[in-house]
Amino acid sequence: MQFYSTNNKNLRVPFQEAVFNSLPTDKGLYMPETVPTLDPYFIQHLHRHSLQEIALTVAKALIGEDIPEADLRQIVHEAIDFDAPVRPLDSGLAVLELFHGPSLAFKDFGARFMSRVMAYFSTEDSRVLDVLVATSGDTGGAVALGFLGVPGTRVTILYPKGKVSPIQELQLTTNGQNIRAIEIDGTFDDCQALVKEAFNDNELRSVFRLTSANSINIARLIPQTFYYFHAYAQLLTQGIKEVVFSVPSGNFGNIGAGLLAFKMGLPAQHFVAATNANDTVTRFLENGQYEPRPSVQTLANAMDVGNPSNWVRIMDLFGNDLAALKQIVSSFTFTDADTRAAIQALHDRYGYIACPHTAIAWLAAEAYRKQHSGNFATVFLSTAHPCKFPEVFPSEIAVEIAIPSQVTMLQGREKEVVGLRTDYKGFKNYLLSTL
Ligand SMILES: *Cc1c(COP(=O)(O)O)cnc(C)c1O
């Protein structure tokens, strides 16, 4: 499969190049030159297949020419080694839990698959693949744990000192092996600026084989389609065929993958993009004006994105036809007060504890259900385990949150971190000293 740039369909590269470039030189995003459709018989009988089997079939359709089946199977088996259960809450309402991976967030799907694809394509190069990543929390944990122990790779994570949650800090700093953490005495933007400058530094590029683990990497998008098909499979076992997905959205990679799955033949009826105060897309679907704004901070901070980087992919999938897009995507926006009320309501009504992102997806699912009658089931996506956001919950709910083994196994481990200031020279000297 060749991948083109959303800015220029004639600019095409093989999958391997799209993965290592992350971004085309013209700053578009990579998209598959054709969207393959899956065999309708396979789709109708999805419930006969496991998540890993579905993942392999979907991956084969997209990149089967680029990675031989036996290798792709190995990649899928290593990367997608945890469950994504659909839990029914009510008749016609269920939650798809995507937080059972090592970092307790759905970003594990993308990060684990991408890390193994990169390692696979690196075997001909004897140099270590150096992954530089700036994080405000969730991405870094998923990338660190995704690459942990992957041969031929080393990950350097930069995070803003004192600005990540205790569990996130544990996930970033206690790994050892091929993962190292740097706390920067500054902001997330400072971390990002340092990583960017390193990528533009020819001296560094001549001695290191550098790559980013950027969230817009095509190798992170592809594995996120897997769980939509698998969710549909689980509903089929209950005889449900009409499904609406509600997705908590920030950079719109998650819902973008859902829409790619739809174009590949997933029989979803509709998608609902749930947003917080960062509602650029919600406004766009209302008035047709795409007006990005600076991001504002909310309780659901992984969705605090004013200019969603994957939006151009979604427009591209629908041929930039807003009317066609609106047939299949709706969007609703909610405040922090709504989010707190939703966390409480989910707890009181269903005994379910949802992270703030998930709570917003539930609100959007309910808003859609109010507007549309019909015989469909609504599935809202749970993108992170609630224990990652302890400060959001009232104490009587917080005490009920069970801490998963992924966290308890890190507790008590030695924190290993290098402290640096925001100056580039210090960062560069550090990198060179560890060649
Ligand atoms: C990253 C993230 C999101 C947003 O996902 P996008 O693909 O950027 O839209 C939502 N919830 C959680 C917990 C996340 O970590």
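Me: Is R116 buried or exposed, and at what relative accessibility?

Reply: Buried means under 20% relative accessible area, exposed over 50%, and partly exposed in between (1.4 Å probe, protein chains only). R116 counts as buried, at 11% relative accessibility. Keep in mind that this is a predicted model: local features need pLDDT of at least 70, side-chain atom pairs count only at pLDDT 80 or more, and totals for chains, interfaces and linings use all residues. Residues are numbered from 1 along each chain as its sequence is written, and side-chain values use heavy atoms, with hydrogens and water left out.

Me: Which residue forms a salt bridge with R116?

Reply: A salt bridge is a side-chain nitrogen of Lys or Arg within 4 Å of a carboxyl oxygen of Asp or Glu. Here E78 pairs with R116, and the closest N and O atoms are 3.2 Å apart. E78 sits in helix α4 (residues 69-79) and R116 in helix α5 (residues 107-121), so the pair ties together parts 38 residues apart in sequence. Helices (H or I, at least four residues) and strands (E, at least two) are DSSP runs, numbered from the N terminus. E78 is partly exposed, at 34%.

Me: How many salt bridges does the structure hold?

Reply: There are 13. Another one joins K428 to E203, with the closest N and O atoms 2.8 Å apart. K428 is in helix α19 (residues 424-433) and E203 in helix α9 (residues 202-207), so this pair links parts 225 residues apart in sequence.

Me: Which residues are linked in a network of salt bridges?

Reply: K60, E69 and R73. Within it, E69 and K60 have their closest N and O atoms 3.4 Å apart.
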